[in-house]
Amino acid sequence: MEKILIVDDEEAIRQGVREFAEFAGYEVCEACDGSEAVSICSREDFDLIIMDIMMPKIDGFTAYQKIKQMKDIPVIMLSARGEEYDKLYGFELGIEDYVVKPFSLKELMARVKVVIRRHQASAPKLKSKDVLEFGGLTINIPGRKVSIDGERITMTPKEYDLLFFLASHEDIVFSRDELLEKIWGFDFYGDGRTVDSHIKMLRHSLGKYRHFIVTHRGVGYKFEAE
């Protein structure tokens, strides 16, 4: 049974999500703020966290960053604000999905199912050769480590997934739709702009090797090492 942590300072929201999640067969724990969520995650493991952004003590973004330093747990963020900045900032941090309040509990559970399934399947899906080397760029797929000239760099989970997939299929062009299906799952609710945003972030992370990610206008992207 998958285990979910619901983090929100509004008890009514926690209770509503809990009822639907338990009905769907998930084990559920609750936290009323970001600080409590970090404390709980230091002691327990979860398959998914549903977390509000605007909370007392520690906001959702800060709490997620603290949790990410300890464990790799996918997060769906909840927010009363739907500004693009908040969404992009969340995706840059590495969250899996973003839901604006008020939301449909049925839709939220559908997203929960997709994210958990995608997270559980991502490692075996992307696994190819153990270690890929392209000049000074070293990609350790099973270890989820990337190094540039011997220095390890840190990226978001989706940046890792994109790089691992593209580098494992060197010189093959993939459309945005294909990348959405391979990396995010065929039933992801986003669109091609999600791919573009993460490619931009990935290039920034790769620094002097950013040119390895090649754009084919009107088609998509590929990994092409010199």
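Two strands are taken as paired if DSSP finds at least two bridges between them. In this predicted model, 5 strands form an open sheet by that criterion, in the order E2-E1-E3-E4-E5, and the pairing is parallel. Strand E2 (27–31) and strand E5 (97–100) are the edge strands, each pairing on one side only. On average, neighbouring strands of this sheet are turned by 20 degrees against each other, direction ignored. Within the sheet, strand E1 (residues 3–7) and strand E3 (residues 48–52) run parallel and are joined by 4 bridges; Ile4 stands opposite Leu48 in E3.

Helix H3 (residues 60–70) packs on this sheet, where it touches E3 and strand E4 (75–79). The direction of H3 makes about 150 degrees with that of E3. Gly60, Phe61, Ala63, Tyr64 and Ile67 are the buried residues of H3. They lie on the same side of H3, because the arc they cover around the axis is only 155 degrees. The cover over these buried residues includes E3 and E4 as well as helix H2 (34–43), helix H4 (84–93) and helix H6 (157–168). At the N-terminal end, H3 is capped by Asp59, with a side-chain oxygen 3.0 Å from the backbone nitrogen of Phe61.

On the H3 side the contact involves Phe61, Tyr64, Gln65 and Lys68, which meet Asp86, Tyr89, Gly90 and Leu93 in H4. Phe61 and Tyr64 also belong to the buried residues of H3.

Strand E6 (residues 131–134) is joined to E7 by 4 bridges, and the two run antiparallel. Leu132 stands opposite Ile139 in E7. E6 and E7 form a hairpin with 2 residues between them, and Gly135 in the turn has a positive phi of about 65 degrees. E7 also pairs with strand E8 (residues 145–148), in the antiparallel sense and over 4 bridges, with Ile139 opposite Val146 in E8. The hairpin formed by E7 and E8 has 4 residues between the strands, and Arg144 in its turn has a positive phi of about 50 degrees.

In a regular strand the side chains alternate between the two faces of the sheet.

Technical notes
Residues numbered from 1 in each chain as written. Predicted model: local features only at pLDDT ≥ 70, side-chain atom pairs only at ≥ 80, totals over all residues. Heavy atoms only, no water. Axes fitted to C-alpha atoms, helices over the stretch in contact; angles between N-to-C directions. Contact = heavy atoms within 4.5 Å. Buried < 20%, exposed > 50% of the residue type's maximum accessible area, 1.4 Å probe, protein only. Arc of directions from axis to C-beta. Polar contact = N/O pair within 3.5 Å; in protein donor to acceptor, adjacent residues only side chain to side chain.
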